[in-house]
Amino acid sequence: MKKILTSLALIGLVAAGTAAFAAEEGHNAAAPTHFPINEPKEMSWSFTGPFGTYDKGQLQRGLKVYKEVCSACHSMNLVAFRTLSDLGYSEAQIKSLAASYTIHDGPNDAGDMFDRPGKPSDHFPAPFANEEAAAASNGGAAPPDMSLLAKARGVERGFPQFVFDIFTQYDAGGPDYIHSLLTGYDQTPPAGMVIPEGTHYNPYFMSGVSLKMPKPLSDGQVTYDDGAPQTVDQYSRDVASFLAWAAEPHMEDRKKTGFRVLFFLLIFGALVYMTKRRVWADVAH
């Protein structure tokens with residue numbers, strides 16, 4: 001019986017190996033079966049890990065990239081102007097920034113809608129009146145809201161990477177994906193690959209070989225005042241960091257609270273142990 005089971009196991013292994021080899025042979029670079037075609041590049045971010053913090057200078061640059069480039073198509077409906085104080089802006093600067101936007105508000109006492117300058121309590125206004133208008137202006141695909149994009153986007157990491165991620169505390173899948181997508185437009189598709197008309201090839205896009213959004217960034221497009229490189233790579237890093245903050249603005253407070261809790265548990269555990277030793281010290285075992 002043991003020999004029969006061993007033989008069946010060997011046959012199964014041979015069959016699995018043959019199937020894997022056949023699948024590899026049948027793989028065609030021009031007709032990929034999984035997306036993204038290329039895994040996002042793992043970048044180094046200041047905010048990752050248990051001790052990570054946001055780089056306020058980078059967040060301010062990322063906000064500038066969003067304002068001057070991304071906001072033409074993408075909304076940030078869940079981000080209020082007043083929260084930009086976390087980026088190091090003063091109350092006066094926030095009021096000035098908010099006032100530069102026009103907010104469609106109402107109804108007023110007469111029942112009419114009206115436009116007014118933005119206030120710090122307002123959220124970033126959407127560039128389109130509704131999702132249908134956004135889709136009509138972008139080839140039929142409405143650009144996603146960017147408020148939680150860094151949390152909503154992230155490529156699943158297979159075995160054994162996801163095991164290592166448990167120990168390394170990897171939590172930058174969204175920013176890595178955003179950076180790779182924004183810097184992946186200049187690659188040439190494999191010979192024979194059919195790119196649908198009106199779309200743009202990007203091997204890092206997680207839903208197909210191409211997407212409707214054209215390359216949004218180019219070198220020198222956004223002027224920085226702090227001397228940072230004005231390149232597509234730097235723009236992509238900065239806006240990805242800004243979107244990471246927008247998706248989780250209380251990350252630093254959460255980490256601080258976590259360390260306080262751990263410290264309390266260590267002290268509490270030590271006190272409980274010492275109390276146990278004191279109570280049972282004179283009891284015969």
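Predicted model: local features only at pLDDT ≥ 70, side-chain atom pairs only at ≥ 80, totals over all residues.
**Helix α2 against helix α8**

I looked up how α2 (residues 56-68) lies relative to α8 (residues 232-247). Their axes come within 7 Å and cross at roughly 100°. Angles of 65 to 115 degrees count as roughly perpendicular, so I logged α2 as roughly perpendicular to α8.

Next I listed the residues in contact. On the α2 side I found Q58, L59, R61, G62, L63, V65 and Y66. They meet Q234, Y235, R237, D238, V239, S241, F242 and W245 of α8. I then sorted this contact by class: eight residues are nonpolar, four polar and three charged.

**Aromatic pairs**

I searched the whole structure for aromatic pairs and got 12. One of them is Y66 with F242. I noted a centre-to-centre distance of 6.2 Å and 35° between the planes, a tilted pair. Y66 belongs to α2 and F242 to α8, so this pair ties together parts 176 residues apart in sequence.

Y66 has 1% relative accessibility, so I marked Y66 as buried. F242 has 0%, so F242 is buried too.

I followed the ring pairs onward from there. They link Y66 and F242 with F81, Y101, F124 and W245 into a cluster.

**Charges over rings**

I also checked arginines over tyrosine rings. R61, listed above in the α2 contact, places its charged end over the ring of Y224, 5.7 Å from the centre. R157 lies over the face of Y170, and I noted 3.9 Å to that ring centre.

Technical notes: Residues numbered from 1 in each chain as written. Heavy atoms only, no water. Axes fitted to C-alpha atoms, helices over the stretch in contact; angles between N-to-C directions. Helix = DSSP H or I, 4+ residues; strand = E, 2+ residues; numbered from the N terminus. Parallel < 35°, antiparallel > 145°, perpendicular 65-115°, else oblique. Contact = heavy atoms within 4.5 Å. Nonpolar A, V, L, I, M, F, W, Y, C, P; charged D, E, K, R; others polar. Phe/Tyr/Trp six-rings, centres within 6.5 Å; stacked < 30°, edge-to-face > 60°. Buried < 20%, exposed > 50% of the residue type's maximum accessible area, 1.4 Å probe, protein only. Lys NZ or Arg CZ within 6 Å of the ring centre and 35° of its normal.
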